[in-house]
Amino acid sequence: MRTYFKPSVIAFALAASQAHAAGYQLAEQSATGLGRAFAGEAAIADNASVLGRNPGAITRFDAPALSGGLIYLKPDVNIDGQVKDITGTKGANAHDIADAAWIPNLYFVTPLNDRLSLGLSATSHYGLGIEMPQGYDAGHFGNVSEIKTVDLGMALAYRITDMLSFGAGLSLIKGEGEVGGTYPTTLTNGQSVIAKHVEGDGNALGWNAGILLTPSEQTRIGLSYRNGVNLKLKGDATVSKPVAPGKFSTISDQGSLILPLPATAELALYQALSERLALHASLNWTDWSKFKSLTAELDHLGTLPIKEEHWEDSWRYALGMTYQLTPKWQLRSGLAYDQSPVPADRRTISIPDADRIWYSAGLGYRHSDALSVDLGLTFIDGKRVSVHESLSQPVVINGQPMTYRSDFNGYSEGDAWLAGVQINYQF
């Protein structure tokens, strides 16, 4: 079954329809970075959005700076396959199962004195949104998955020497969620009948830290770390059990679900080759091995297993370039390889995921010394991969209890276009 996070009434509502970093992670913290495939993000520090990647880098600003923007995400996620059970084999295709979304972000940094700086941020690091068609024949493997989170952060950074700065911050992470799945349509006369359904919301407190090493104005090295948290979502649950052919008993309960948000780390390099040309790169790691399963704990029904996952740690490699075309115009480009954390034998249609390649281009326009605008465009090419899932569960058929078995065999593929705009202002 899959995770579904309903739109929440949160002061700063962030929508993420389909995560387009590994797993259900979001990389889209700025339109500036989008234009270079987020290569070198923890080291470049060309505007306040660097706070989303490395709090240690905000000491580079000698005046208050503000950055805010939107990224539009248009995914194209498709499932093609067949599901087989005691009644035979049926098609189980589901196309365009992820909705488009807007992902906003906002950052403010200011020096408190000649060595100490403060940063405030509102962004999102995790999101996912998948929904199958009504009456989908493979809905018992998961019919809806969505995660929405908001990360409200504050950080302090200190310039230890002219070459070295250190920063650390706290984040309040707010999320809402829903986990649901349906019974096989062959047992319900073709209708969608809920098998398990859990929804809730919750908060968690996380921290992050980073350093920026500046051997020269031409060379910057950034290293940052964001800790992993377990987001406990409390809410309502619905569980249905078969009692006769085509008939089900539904029980309502309350409980909680633990959603792991993994730790991440980034090593970034910025190297200016001339007054106009610079290269930058990033190596990112995500601790996805902590995502072993989804299990709900209900007040009266007890432990409710949802789905086994057993993901593995993943890596992301990015290389980018910036070119100062004129004093007002800057060109950006980037290429990235994003590794999936899902082992081949653990792939599911509930969280379709595969290795992907980012192709990015961007443009920056400096209107004045204080005001600049950035545009970014990315195409994410997701690999087409095979998916095999099996399910066994007790049912009642013709008055006799028995074990129902179903197998899905097919493919999943997900591409996406991302377009972003960002305004930067230095006071």
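Arg36, Glu41 and Asp46 are linked in a network of salt bridges, a salt bridge being a side-chain nitrogen of Lys or Arg within 4 Å of a carboxyl oxygen of Asp or Glu. The model is predicted: local features need pLDDT of at least 70, side-chain atom pairs count only at pLDDT 80 or more, and totals for chains, interfaces and linings use all residues. Residues are numbered from 1 along each chain as its sequence is written, and side-chain values use heavy atoms, with hydrogens and water left out.

## Salt bridges

By the rule above, the count comes to 12 salt bridges. Three pairs are set out here.

| Pair | N to O distance |
|---|---|
| Arg384 and Asp80 | 3.7 Å |
| Asp338 and Arg316 | 4.0 Å |
| Asp374 and Arg332 | 3.0 Å |

The side chains of Arg384 and Asp80 meet in a salt bridge. This pair links distant parts of the chain, 304 residues apart: Asp80 is in strand 2 (residues 65–85), and Arg384 is in the loop between strand 20 (371–382) and strand 21 (385–397). Helices (H or I, at least four residues) and strands (E, at least two) are DSSP runs, numbered from the N terminus. Arg384 counts as partly exposed, at 42% relative accessibility. In these terms, buried means under 20% relative accessible area, exposed means over 50%, and partly exposed lies in between (1.4 Å probe, protein chains only).

Asp338 and Arg316 also form a salt bridge. Asp338 lies in strand 18 (residues 329–338) and Arg316 in strand 17 (residues 314–324), so the bridge ties together parts that are 22 residues apart in sequence. Both residues of this pair, Asp338 and Arg316, are buried.

In the pair of Asp374 and Arg332, the closest N and O atoms are 3.0 Å apart. Asp374 belongs to strand 20 and Arg332 to strand 18, and the two residues, 42 apart, link distant parts of the chain. Asp374 and Arg332 are both buried.

## Nonpolar cores

A nonpolar core is a set of buried Ala, Val, Leu, Ile, Met, Phe, Trp, Tyr and Cys residues joined through side-chain atoms within 4.5 Å. The largest such core has 44 residues, of which Tyr24, Tyr136, Ile349 and Phe408 touch the most other members. Strand 11 (residues 229–244) gives this core its largest share, 5 residues. A second, separate core holds 20 residues, among them Ala45, Ala48, Ala268 and Ala272.

Leu233 is found in strand 11 and is buried, with a relative accessible area of 3%. In sequence, Leu233 and Glu176 are 57 residues apart, while their C-alpha atoms are 6.8 Å apart in space.

## Backbone angles

Most residues other than glycine have a negative phi. Phe38 has a phi near 55°, a positive value in a residue other than glycine. Phe38 lies in the loop between helix 1 (31–34) and helix 2 (41–44), and is buried at a relative accessible area of 1%.

Ala45 likewise has a positive phi, near 55°. Ala45 sits in the loop between helix 2 and strand 2 and is buried, with a relative accessible area of 11%.

## Surface patches

Patches are made of residues with over 30% relative accessible area and no salt bridge; like charges are joined within 9 Å, and nonpolar side chains (Val, Leu, Ile, Met, Phe, Trp, Tyr) within 5 Å. Accessible areas come from the Shrake-Rupley method with a 1.4 Å probe, and for residues only the protein chains shown count as cover.

A nonpolar patch on the surface has about 820 Å² of accessible area together, and its residues include Tyr158, Phe166, Ile211, Leu223 and Leu267. Strand 9 (194–216), strand 10 (219–226) and strand 13 (264–272) are the elements that give two or more residues to the nonpolar patch. Leu267 lies in strand 13 and is partly exposed, with a relative accessible area of 42%.

A negative patch is formed by Asp76, Asp96, Asp99 and Glu131. Lys and Arg count as positive and Asp and Glu as negative, while His and the chain ends are not counted. The place of a charge is taken as NZ of Lys, CZ of Arg, CG of Asp or CD of Glu. Glu131 is found in strand 6 (residues 127–131).
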